[in-house]
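Here is a short tour for someone meeting this structure for the first time. Have a look at it, then read on.

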Amino acid sequence: MKQAVLLLGGGQLGLMMAEAGAQLALHVDRLDLAQEQIIPGTSGLRLQTSLAQILQQYPVISAELEHLPDTPLVQELIRSPNWANPAAFQHTADRFSEKTLLDRLGIATAPWCLIAQPADLQRALADIADELVVKVIRGGYDGRGQWMVDTSRLDQVPAELMGQIIAEQKITFRREVSLVGARSRDGKKIYLPLVENLHDQGILRYSIARCTNDASLQASAEAMLGAILDELKYIGVMAMECFETDQGLLVNELAPRVHNSGHWSQLGAEHDQFALHLRALVDLPLPRQQIYQPTLMLNLIGCEFQPGWLEITGLQCHWYGKEPRPGRKVGHINISLADAAIAQACMTSLDSLLDATHREMLGRARRQLF
Ligand code: ATP
Ligand code: MG
C-alpha cells in the first residue's frame, strides 16, 4: 500500500483530505504553491523541501485545484510518474480543453465557441444565443472572470483577453445539480446521490442532498460522468456540475478532485468524498455501496467563527482557519435532514447566530426543503 500522498495547493480541500487520511493511517501533506513549501498533515507549518525529496517521499501526487501555476517545480511534478491522473488534469486545466473533451465524447454542454477577436463575439450572439456568458479559459473560480453579454453590453469584455476567453449560451435552467463519483484503478465506480446547488453571484451558497433522487436523472448523470472517468482512465473522485434543463442535463464544469458540493458527505455518507478519493488514489478498496442520509451543506463565506454553532444539535461545523475576507470561503456547516423536527430546530437555532446574508441563504434552503 502506498502510504503518502501529496496534494498541490494549500487550501481547505487538502486540509480535509489530510483529516480523512488520518483514519486510514495515510500520510497526506499539502504543497503551498506560492511559497513552494510542504504543509505536513493539518499542522499549518511550512517546511522547505527539494524536488528530489518530494518525489522520493510521495509516491502519489495530486492536486486540490485544476488551474495549476506554470512554475518549474509544478512542471517537474506533473511530468513525474508520481503524478496521478495526467490526462484528467490536462483536459480540465482550462475551459477550452474541457469543453472540447465534452464535445468529443458527445456529452451535452452549453453551446460555446472560442473568442479570439471582437468579431467572434458578434458572431456568437448571432449563431449561439442572444445572451452569452463569457468566461476566461484559465484561472476563473467562484464566478470570477465571467461576464454576461448581450448586444447592449458588448464592450464589457476586456479587449486584451481576446484568445483567452470562451462564450457560451446563457442557459435557462430549472436548477443546478452536481454529481461526485469515484473510480478505482480497476475501473469500479461509486457515485454519491446527486445534489442540488444554489449559486449566488457565481459562488456556491448551499447544497442539498435529498438522497431520494429521480432514478432516471441519477442514471443519466452517472452515465455522463462514467463515460468521462473511463475515457480518462481516472483514479479518484471527480465532480461534475450540471444545469438541469427541460432537455435534460448539460455539463457545466468538471473538477478532477473533491468538490465543495460534495462536502455534505462528511455528515451524510458512511464514507465521505475525501475518504473515497484517498482510497482510490492509494489503491484501497472502494465500498460497493453505502448508506446516505439527507443533508444540507451551507457555505460560510467571509464571516467570523461563532462558538455558539458548536452547541446546536444536528449540526457539524468545519472551519478552515482562514482570515475572513469578502467572498472568501472560510468554512461550512452540515445539517442533518434525517429527522425533520430536529432539522427545523437546528435551523431555528442557527438562524439567530448568522449574519443577514447567511440567514437569507439558510432561509432559502429551508423554504426549498420544508
Ligand atoms: P467554480 O467556483 O464552481 O469553479 P466558476 O467561477 O469556475 O465556478 P462556473 O461554475 O462555470 O464558474 O459558473 C459559476 C456559476 O455561474 C454557475 O454555477 C452558474 O450559476 C452560473 N453560470 C455559469 N455559466 C452559465 C451559463 N452558461 N448559463 C447560466 N448560468 C451560468
Ligand atoms: Mg462551477
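## Two packed helices

How are α5 and α7 oriented to each other: roughly parallel or roughly perpendicular? Helix α5 (residues 95-105) and helix α7 (residues 215-231) pack at an angle of about 105°, and their axes are 11 Å apart. That makes α5 and α7 roughly perpendicular to each other, a label used for angles of 65 to 115 degrees. Axes here are lines fitted to C-alpha atoms, over the stretch in contact for helices, and angles run from 0 to 180 degrees between N-to-C directions. Helices are DSSP runs (H or I, at least four residues), strands are E runs of at least two, and both are numbered from the N terminus.

Who touches whom? On the α5 side we find L101, L102, R104 and L105, and they meet A227, I228 and E231 in α7; contact means heavy atoms within 4.5 Å. By class, this contact has five nonpolar, no polar and two charged residues. Ala, Val, Leu, Ile, Met, Phe, Trp, Tyr, Cys and Pro count as nonpolar, Asp, Glu, Lys and Arg as charged, and the others, Gly among them, as polar.

## Where the model comes from

This is a predicted model, where local features need pLDDT of at least 70 and side-chain atom pairs count only at pLDDT 80 or more, while totals for chains, interfaces and linings use all residues. Residues are numbered from 1 along each chain as its sequence is written, chains are lettered from A and ligands numbered from 1 in the order in which they are written, and side-chain values use heavy atoms, leaving out hydrogens and water.

## Around ligand 1

Ligand 1 has 20 residues around it, and K135, D142, G143, E176 and E253 come nearest; a residue counts as near if one of its heavy atoms lies within 4 Å. An N or O atom in the side chain of K135 is 2.7 Å from an oxygen atom of the ligand. R95 has a polar side-chain atom 2.8 Å from a ligand oxygen, and E253 also has one 2.8 Å from an oxygen of ligand 1.

## Covered and uncovered

Helix α1 (residues 12-22) is mostly covered, with nine of its 11 residues buried. Buried means under 20% relative accessible area, exposed over 50%, and partly exposed in between (1.4 Å probe, protein chains only). The cover over those buried residues includes β1 (4-8), β2 (27-32) and α9 (273-281).

A25 sits in the loop between α1 and β2, and A25 is exposed at 55%. Its phi is near 55°, a positive value in a residue other than glycine.

Methods
Parallel < 35°, antiparallel > 145°, perpendicular 65-115°, else oblique. Polar contact = N/O pair within 3.5 Å; in protein donor to acceptor, adjacent residues only side chain to side chain.
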